[in-house]
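Open the model in your viewer and keep the selection panel at hand. The stops below go from one selection to the next.

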Amino acid sequence: QQLWDLGIKKWDMFNQEAVNLKIKQIHKDFDLVMIAEDFDSSTVLLSDVLCWPLVNMTSLKQNSRKESKVQKLSPEIRKILKNWLWADYMLHDFFKKELQDRKRDYGLQSLEENVVKLKKLNDMMSDECVLEVVNDTESLSSDFVPWSQDVKGFKIKEDNEFCKYFGIAENQFIDYLRSLQIERLIKWYQN
């Protein structure tokens, strides 16, 4: 549950006023909340917030389920989930509307042009770095094996340092970042 991950207390999960207050706090705390189903537009807006060029925003679609593992939800199941996860739906709907407002403020035509540019940059990076998209992720080097066997992985041109970090699996990437932080802490402490 998203709100739980964002720090709402367990006993507040069923309190609409507490949920509204948490959503307001999140809105105040974050300059931009990206929406997964509108990832390309969200990424273009993030590049604008960060003042980074689009070429620095390229990515591969990590954690994408294999087609054989995708399950369609029936309308009845969707209704049950919506009732059960009403607070997360409130969060999502609020930030989806916020994202629509941000897109309008940015300029829809300019946004669409930049989404096209981002997709071309992603394709160029993929052409340069990805040898193959694989379903059998156990065949990958250990840094590239995803957390779940239900998702696709990337066979990357590992000899190209530029390419490595596009395909590295998230848990391995987090471990790498932690090791960098520990190194920096040790250097800082020694000075």
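Predicted model: local features only at pLDDT ≥ 70, side-chain atom pairs only at ≥ 80, totals over all residues.

Begin with helix H6, residues 108-129. With 4 residues, H6 gives the most to the lining of the largest pocket.

The chain averages a pLDDT of 92, and 100% of the residues score at least 70. Helix H3, residues 39-50, has the highest confidence, at 98. Helix H7, residues 161-167, has the lowest, at a mean of 87.

Return to the largest pocket, which holds about 830 Å³ of space. Select Ile-35, Ala-36, Phe-39, Lys-61 and Gln-62; of the 16 lining residues, these are the closest to the pocket's centre. What is the make-up of the lining, by nonpolar, polar and charged residues? It divides into 5 nonpolar, 6 polar and 5 charged.

Next, show the largest nonpolar core, which has 19 residues. Select Leu-3, Val-19, Val-44, Leu-91 and Phe-95, the members that touch the most others in the core. Helix H2 (16-29), H3, helix H5 (86-106) and H6 each give two or more residues to this core. H5 gives the most, with 4 residues.

Centre the view on Val-19. Leaving aside residues up to four places away in sequence, Val-19 touches Leu-3, Ile-8, Asp-12, Met-13, Trp-86, Ala-87 and Met-90.

The last stop is another core, of 13 residues, lying apart from the largest one. Select Leu-60, Cys-129, Phe-144 and Cys-163, which are among its members.

Conventions:
Residues numbered from 1 in each chain as written. Heavy atoms only, no water. pLDDT = per-residue confidence, 0-100. 1 Å grid on protein atoms, 1.4 Å probe; cavity = no way out; pocket = protein on both sides within 12 Å on 5 of 7 lines; lining within 4 Å. Points joined across faces, edges and corners; volume = space filled by probe spheres on them. Nonpolar A, V, L, I, M, F, W, Y, C, P; charged D, E, K, R; others polar. Core = buried A, V, L, I, M, F, W, Y, C linked by side-chain atoms within 4.5 Å. Buried < 20%, exposed > 50% of the residue type's maximum accessible area, 1.4 Å probe, protein only. Contact = heavy atoms within 4.5 Å.
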